[in-house]
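Hi,

Here is the structure I said I would pass on. Have a look at it first, and then read my notes below.

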2 protein chains.
Amino acid sequence: MNKQITLAARPVGYPKESDFKLVETPIPTPEDGQVLLKTIYLSVDPYMRGRMNQARSYAANVEFNEVMVGGVVAQVVESKHTDFQAGDIVNAHIGWQEYGISGGDGLRKIDPSIAPISTGIGILGMPGLTAYFGLLEVGQLQDGETVFVSGAAGAVGSVVGQIAKIKGCRVIGAAGSDEKIAYITNELGFDEAFNYKNVNDYPAKLAELCPVGIDVYFDNVGGEITDAVFPNLRLKGRVVICGQISQYNLESLETGPRFLWYMITKRARIEGFLVSDYFDKQTEALAQMAEWLQQGKLKYRETIAEGGIENAPAAFISMLKGGNIGKQLVKISEPS
Amino acid sequence: MNKQITLAARPVGYPKESDFKLVETPIPTPEDGQVLLKTIYLSVDPYMRGRMNQARSYAANVEFNEVMVGGVVAQVVESKHTDFQAGDIVNAHIGWQEYGISGGDGLRKIDPSIAPISTGIGILGMPGLTAYFGLLEVGQLQDGETVFVSGAAGAVGSVVGQIAKIKGCRVIGAAGSDEKIAYITNELGFDEAFNYKNVNDYPAKLAELCPVGIDVYFDNVGGEITDAVFPNLRLKGRVVICGQISQYNLESLETGPRFLWYMITKRARIEGFLVSDYFDKQTEALAQMAEWLQQGKLKYRETIAEGGIENAPAAFISMLKGGNIGKQLVKISEPS
C-alpha cells in the first residue's frame, strides 16, 4: 500500500497534527510515458504553510483530502518513460507520499557522485536555487556590498550568506537561537549575526552591525526584523522578499509601521520572486553550486526527521517553529 | 530689495504660515561666471514638506533662517556667464525668493515659442519629467497594461495618466474632489476615477474598476489607498513610489497592514525614485513631452496663486491640502 498525508483541516495559527490525515491507497501503476517513484527523502518547507490556506496564494492551494504538495528525492521503481530507468535517483514533486507517478515534467536526475542525494532537495535543489537566484538575479548583488539575511540558519538563508561571502560581501545574519548563531558565524563564515530572540531594538542592532547601511536584504521572515531594515537601507538598496515566515501562522493580520517613504529617500527596490521564475537557468546554477560545494566554499547541514511519512507533519510543524538548522527533511525509505 | 521666504520653525503636522518668515536682503550682484535671476514663477511641490523636517531626507534639509528650496521660472537680469544673456527665460533652483544668483549648474533655458513659460516648472519641467521617468523607466510600462494613479489630478499624476493613455493603457485615477474626478475623466481621458473621500472600501473599489488587476501603480499619496493596491496587483505588477503625501503631515507615524507577502504571491516590485536620477535623459524626454503637448495629446492645468512671494506659504499649504488642480504655482513677477 501507498501511505499518503492529506490535508484534513485548514490550520488556524500554527498547524496541528490533526490538520493532517494519514491514508493508505493502492500503489499506482505507471502508464506509457510515466514512471513509478518511491520516495526516499521528503522536503518540508515554509511555503507549504501558505498552500494549506483557503486564501489565494501563488499556486493552487491544497484541497481537503488532497495529498500535501512537496518536493522529494525518489528512486524510479518502474519506468515506462524513455528518459528514465529503474534505479535512477530523481528530484520530483509528488508530494507527501511513499509512492507517486510522474510523466517526466519537472523530473530531474540526481547524480549521486556529486554529493549525498538528499542535497537534491536541499543545497543542490529548490532551497539552494532560491538562494542563488534571489541573491544574484533579484538582488543583483555586487561584489563588496553589505548583505543582511534573516532566517539565516535555514535551508535558504544559510546558502544566501555563503554565496554572498563567495562574492566578497560583508554578511550579517539573524536567526533564532545561540546554536544557530554559532553555526553561521563559526562554520559558515558570516561576519556578524544576532539571535533575534535576545535583541530588543532591531533597528539599533542593524545600525551597529551595518554601519554603512544594507545594500541587499534577503528576507525570509518579515515582521519586525524586516521593519528594522528600511531605516538602515543604503542608497539604491534592494530588498528581496523570499519568505515571510513570521506572518504565516498569525491568527489575525498584523499591522506594522509604514515604510514606503524610505523607498523614495533611499531610491530603493523591494521585489518578491518564486524560484520557479528562474528554472530556465537552473542547469547552469546547479553546476555552479556543485562546483562551490566540491571546492568546500559551500557547506550545508540537514535536519533529518526519521520515522517515515507518519512523522512528516511533526517535522513540518517543528520547522515552522525554527526547530531545524539547515534543510529540514523527512527520511521516508532507503534507496535500493 | 530682495524678498525671501525662510524657514522659521519646523512644522508639527501641517505647516502654518508662522513656520515661514518673510525677510528682505539686498539684491545680490553676480560675479564672473554667474547670472542674476529674477523670479517669474515659483513652484511649490509636496517634496518641500520633507525638506522642512529635521529627520534625514534624500537631500539636505532646510535649516532655520535658510531660504526655502524650490524651482522657479526666472529671467536673466544680468549675465556674467557666457551661455546666458540678459532676457533669457530659464528654469533654476534658487528657492523662494525674488532674485537669486546662479553659476549655471542646473540652469536650463526655456523656449517661450513651445509653450507658456510657466510649463518650465510644470508639464515641461520637474513634474512632467517625474511622470515620464517614473512611469516609463521605473514602472517599465508596457502597451495595453492597466495603470492606477493616486493624486491623479496633481501636477505629476495628471501627466502619468495621460502618458499611460498615449501608450494605449487602461487608466484609473484617484483624487480628492468631484471637480478633480470630472477633470481627469472628461478632459484628460482617464478611463475611470474615484473621489477617495466618498469611497469607504478602497480594495473593493479597485477590484471593481480594475477587474484584471493593476499592472503599474503610480503612488503619489501612500496610506490606505496604497494599502488597497497590493491585493489588486497583477502578477509581475510594479509599484512606483513617487510620493507619500498622506504621510507628510502626520504628527505621529501611522501603522498599516503588512503587505510584503503579496510581493511573493504576485512576484511584484516596489521601487522608489527621484527624478534627478534620470536627468541625463531629460533632453530627449522633454522633446517627447513637447511634441505630445503640441500634438494636443498632453493637456495641463495650472493653479496660479497671485500676490507675489508673500503668498507662497499659503499656496504651499493649500497644495498640501489638495487645493490645486494640476500644477500649483505662485506668480512672483512679470517678465520684462
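**Where the two chains meet**

Strand S14 of chain A, residues 269–272, pairs with S14(B), running antiparallel to it over 3 bridges. Within that pairing, Arg269(A) sits opposite Glu271(B). Keep in mind that this is a predicted model.

Stepping back to the whole contact, chain A and chain B put in 28 residues each. On the chain B side, three elements each give at least two residues: strand S13 (255–257), helix H8 (260–265) and strand S14 (269–272). Of these, H8(B) brings the largest share, with 5 residues. Sorted by class, the side of chain B that touches chain A is made up of 12 nonpolar, 9 polar and 7 charged residues.

How are the two copies related?

**A covered helix in chain A**

The buried ones are Ala312(A), Pro313(A), Ala315(A), Phe316(A), Ile317(A), Met319(A) and Leu320(A). What lies over them? The cover includes strands S1 (2–7), S2 (20–25), S3 (35–43), S15 (302–305) and S16 (327–331) of chain A, along with helix H1 (47–51). After H10(A) comes Gly322(A), which has a positive phi, near 85°.

**One loop residue**

Last stop: Asp88(A), in the loop that links strand S4 (72–79) to strand S5 (89–92) of chain A. Is Asp88(A) buried, exposed or partly exposed? Its C-beta has 18 other C-beta atoms within 10 Å; a residue needs 20 or more to be buried and 12 or fewer to be exposed, so Asp88(A) counts as partly exposed. Leaving out residues up to four places away in sequence, Asp88(A) touches Gln75(A), Val76(A) and Lys109(A). Asp88(A) and Ala74(A) are 14 residues apart in sequence, and their C-alpha atoms are 8.3 Å apart in space.

That's what I have for now.

Cheers

Key. Residues numbered from 1 in each chain as written. Chains lettered and ligands numbered in written order. Predicted model: local features only at pLDDT ≥ 70, side-chain atom pairs only at ≥ 80, totals over all residues. Contact = placed C-beta atoms within 7 Å. Helix = DSSP H or I, 4+ residues; strand = E, 2+ residues; numbered from the N terminus. Nonpolar A, V, L, I, M, F, W, Y, C, P; charged D, E, K, R; others polar. Pairing = 2+ DSSP bridges.
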